Amino acid sequence: MPRRRYSSGFTSVELVIVLIVLAVLTFSVGAKLNTYSMVADVAADQLIADIRYVQMKAMGVGRTQNISFQVDASDFGIYDMQGERKKLPGNVQVVATSFGNVLTYNSLGEPSTGSSEGSITLSGRTAPLSIYAVTGKVE
């Protein structure tokens, strides 16, 4: 009669399965933690597009155009559009601006930030959006 062999450890197949399950769980938790940062990046892209729109509109119509911000709010306004207020996605908020509450572009597409670079800080982002003084480029 053959003797049964009892083992108190894991087989290599069981160990590989456990490692795969742990890797999947780690990846899914890591992805969930990073979603707010991704939402903030989407909000930044939307804001950049709208600021560029205001700049292009100022150059196209040949007169100043404004975009207004409220600090600690998730919306902003584009003037000359019947008081339209746009909302940033995912509860992302404008935390601070270096130029006050209104960014104005003249008919040449130059921003009202003066001779220095302007900035807009959004919640959930480490780097603020930069608005260059002469060109008005936003990134």
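Phe 69 and Phe 99 are both buried, where buried means under 20% relative accessible area, exposed means over 50% and partly exposed covers the range in between (1.4 Å probe, protein chains only). The structure is a predicted model, in which local features need pLDDT of at least 70 and side-chain atom pairs count only at pLDDT 80 or more, while totals for chains, interfaces and linings use all residues. Residues are numbered from 1 along each chain as its sequence is written, and side-chain values use heavy atoms, with hydrogens and water left out.

A pair of aromatic rings is described by the distance of the centres and the angle of the planes. Here, rings of Phe, Tyr and Trp (its six-membered ring) are paired if their centres lie within 6.5 Å; planes under 30 degrees apart are classed as stacked, those over 60 as edge-to-face and the rest as tilted. The count on this basis is 2 aromatic pairs. Phe 69 and Phe 99 form an edge-to-face pair, with 6.0 Å from centre to centre and 65 degrees between the planes. Phe 69 belongs to strand S1 (residues 65-69) and Phe 99 to the loop between S4 and strand S5 (102-105), so the pair ties together parts that are 30 residues apart in sequence. Ring pairs link Phe 69, Phe 76 and Phe 99 into a cluster.

Phe 69 also takes part in the surroundings of Thr 97. Thr 97 is located in strand S4 (residues 94-97). With neighbours within four places in sequence left aside, Thr 97 is in contact (heavy atoms within 4.5 Å) with Phe 69, Ser 119 and Ile 120. The side chain of Thr 97 also reaches the backbone oxygen of Gly 100, at 2.4 Å.

The protein chain contains 2 helices and 7 strands; helices (H or I, at least four residues) and strands (E, at least two) are DSSP runs, numbered from the N terminus. The order of the elements from the N terminus on is α-α-β-β-β-β-β-β-β. The chain has 139 residues, of which 29% count as buried. Among contacts between residues at least 6 apart in sequence, 53% join residues at least 24 apart.

The accessible surface of the protein chain is about 9000 Å², and carbon and sulfur atoms account for 60% of this area. Accessible areas come from the Shrake-Rupley method with a 1.4 Å probe, and for residues only the protein chains shown count as cover. A nonpolar surface patch is formed by Phe 10, Val 13, Leu 15, Ile 17, Val 18, Leu 19, Val 21, Leu 22 and Leu 25, with about 890 Å² of accessible area together. Patches are made of residues with over 30% relative accessible area and no salt bridge; like charges are joined within 9 Å, and nonpolar side chains (Val, Leu, Ile, Met, Phe, Trp, Tyr) within 5 Å.

Side chains of opposite charge can pair when their charged atoms come close. With a salt bridge taken as a side-chain nitrogen of Lys or Arg within 4 Å of a carboxyl oxygen of Asp or Glu, the count is 4 salt bridges. One of them joins the side chains of Lys 86 and Asp 50 at 3.0 Å, N to O. This pair links distant parts of the chain, with Lys 86 in strand S3 (residues 85-87) and Asp 50 in helix H2 (residues 35-61), 36 residues apart. Lys 86 is partly exposed at a relative accessible area of 24%, whereas Asp 50 is buried at 9%.

A salt bridge is also found between the side chains of Arg 85 and Asp 75 (3.3 Å, N to O). Arg 85 lies in strand S3 and Asp 75 in strand S2 (residues 75-78), 10 residues apart. The relative accessible area of Arg 85 is 37%, and the residue is partly exposed. The side chains of Lys 137 and Glu 139 form another salt bridge, at 3.6 Å, N to O. Lys 137 is partly exposed at 44% relative accessibility, and Glu 139 is partly exposed at 42%.

Most residues other than glycine have a negative phi. Asp 72, which is not a glycine, has a positive phi of about 65 degrees. Asp 72 is placed in the loop between S1 and S2 and is exposed, with a relative accessible area of 53%. Asn 91 likewise has a positive phi, near 60 degrees. The loop between S3 and S4 holds Asn 91, which counts as exposed at 62% relative accessibility.

Conventions. A polar contact is a pair of N or O atoms within 3.5 Å; within protein, one must be able to donate a hydrogen and the other to accept it, and residues adjacent in sequence count only if both atoms are side-chain atoms.
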